[in-house]
Amino acid sequence: VPKLTIKDLHVAVEGKEILKGVNLEVKGGEIHAIMGPNGTGKSTLASALMGHPKYEVTSGTVTLDDQDLLEMAVDERARAGLFLAMQYPSEISGVTNSDFLRSAINAKRGEGNEISLMKFIRELDKKMELLEMDESFATRYLNEGFSGGEKKRNEILQMLMLQPRIAILDEIDSGLDIDALKVVAKGVNSMRSPEFGCLIITHYQRLLNYIKPDFVHVFMQGRIVKSGGPELAERLEAEGYDWVKEELGIED
Ligand code: ADP
Ligand code: MG
Ligand code: MG
C-alpha cells in the first residue's frame, strides 16, 4: 500500500518562503482534498512534490513509502508511482496524444519491459470509452487546440493509463461544465483501490459532490490549518473561509 508522507515542509520560490510547514500523510485507499483561498500555496505544494526546479525545499521531508522523494529526479518520482496533473498543462507540438502516452508508460516501465502495441491500444480504447472521449483524441497533437475541458479530461486519461500509486490533481475541476466534471470524477473514482491514494487540490467544493473525499484539509498561509471529513468541505462552500480564520486567529 502506497504512502506519501510530508513532514514540516518549507518551500521557497525566488527566495520567498511560500510553504511554511506542511504536514500531511496520504495512504492507499484514501482520497484527500485540499481546499483554500487563492494564493495560499496549494499549487506550490503540488509543484514542489513533483520536483519543479523553481521550487526550493528549504526544510522538511517528503517520503514515498520509505524512500526520500526529495532526493529523486522528476522521472524517478513518476517511476516510483507519483502522478501530477498540472494546473496549466502545456502544449507539446508534433507529439500525438497516443505517442505521448505510450512513451510515458514505457518510460515508467523501463527498458526491456515496454508495453506491447496491442495491449496499449486495448487499454487506451477502454479508458477513452470510460471518459467518453472521441476516438480522434488519440491522434490529435498533445493539448494543441484542446479546450480547457478536453485538457482536463486528457490529464485524467493520462492518469488512468499510467496507473500511479499516488496522484496529485491540482485544480482538475477549474473551467469544467457539469458534464465534464462528472466524467473527470468518474475517472478518478474508477481508480479507487487500496493501491491508490489521491490528493485533490481545489478551490471549489463542487467536484467533491462527485468524488467523496475521506479527508478535507484547509490550506492557508502556506500550510494546512485545519482537517476534517467531507462535512468540512460543505461548510466551506456554504460559509467561506472567514470562520476558519476567526477560529484560528489568522489575519490576512
Ligand atoms: P494557490 O495555488 O493556493 O492559489 P500558489 O501556490 O499558486 O497558490 O501561489 C502561492 C504564492 O506563491 C503566490 O504569492 C504566488 O505569487 C507565489 N508563486 C508561486 N509560484 C510562483 C512562481 N513560479 N514564481 C513566482 N511566484 C510564485
Ligand atoms: Mg492560484
Ligand atoms: Mg493553485
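**View 1. The shell around ligand 1, sorted by residue class.** The shell around ligand 1 has two nonpolar, seven polar and three charged residues; Ala, Val, Leu, Ile, Met, Phe, Trp, Tyr, Cys and Pro count as nonpolar, Asp, Glu, Lys and Arg as charged, and the others, Gly among them, as polar. The model is predicted: local features need pLDDT of at least 70, side-chain atom pairs count only at pLDDT 80 or more, and totals for chains, interfaces and linings use all residues. Residues are numbered from 1 along each chain as its sequence is written, while chains are lettered from A and ligands numbered from 1 in the order in which they are written. Ligand 1 is surrounded by Val13, Glu14, Ile18, Gly36, Asn38, Gly39, Thr40, Gly41, Lys42, Ser43, Thr44 and Lys54, a residue being near a molecule if its C-beta atom, placed from the backbone, lies within 6 Å of it. Helix 1 (residues 42–50) gives the most to this shell, with three residues. Helices (H or I, at least four residues) and strands (E, at least two) are DSSP runs, numbered from the N terminus.

**View 2. The packing of helix 5 with helix 6.** Helix 5 (residues 148–162) and helix 6 (residues 178–191) have axes 10 Å apart and pack at an angle of about 10°. Helix 5 is therefore roughly parallel to helix 6, a term for angles under 35 degrees. Axes are lines fitted to C-alpha atoms, for helices over the stretch in contact, and angles run from 0 to 180 degrees between N-to-C directions. From helix 5, Gly149, Lys152, Arg153, Ile156, Met159 and Leu160 meet Ala180, Val183, Val184, Gly187, Val188, Ser190 and Met191 of helix 6; contact requires C-beta atoms, placed from the backbone, within 7 Å. The residues of this contact divide into eight nonpolar, three polar and two charged.

View 3. Six strands form an open sheet in the order 6-7-8-3-9-10, with mixed pairing; two strands pair if DSSP finds at least two bridges between them. Strand 6 (82–85) and strand 10 (223–228) each have a single partner strand, so one side of each is left without a neighbour in the sheet. The twist averages 20° from one strand to the next. Strand 3 (residues 31–35) and strand 9 (residues 215–220) run parallel and are joined by four bridges; His32 stands opposite Phe215 in strand 9.

**View 4. Strand 6 and its pairing with strand 7.** Strand 6 and strand 7 pair in the parallel sense over four bridges, and Leu82 stands opposite Ile166 in strand 7. Both faces of strand 6 are covered: Leu82 and Leu84 on one side, and Phe83 and Ala85 on the other, are all buried. A residue is buried if 20 or more other C-beta atoms lie within 10 Å of its own, exposed if 12 or fewer, and partly exposed in between, with C-beta atoms placed from the backbone.

View 5. Four strands form an open sheet in the order 2-1-4-5, with antiparallel pairing. Strand 2 (16–27) and strand 5 are the edge strands, each pairing on one side only. Two bridges join strand 4 to strand 5, and Leu64 has Gln67 in strand 5 as its bridge partner. Asp65 lies in the loop between strand 4 (55–64) and strand 5 (67–68). Although not a glycine, Asp65 has a positive phi of about 55°. With 14 C-beta neighbours inside 10 Å, Asp65 counts as partly exposed.

Technical notes. Parallel < 35°, antiparallel > 145°, perpendicular 65-115°, else oblique. Contact = placed C-beta atoms within 7 Å.
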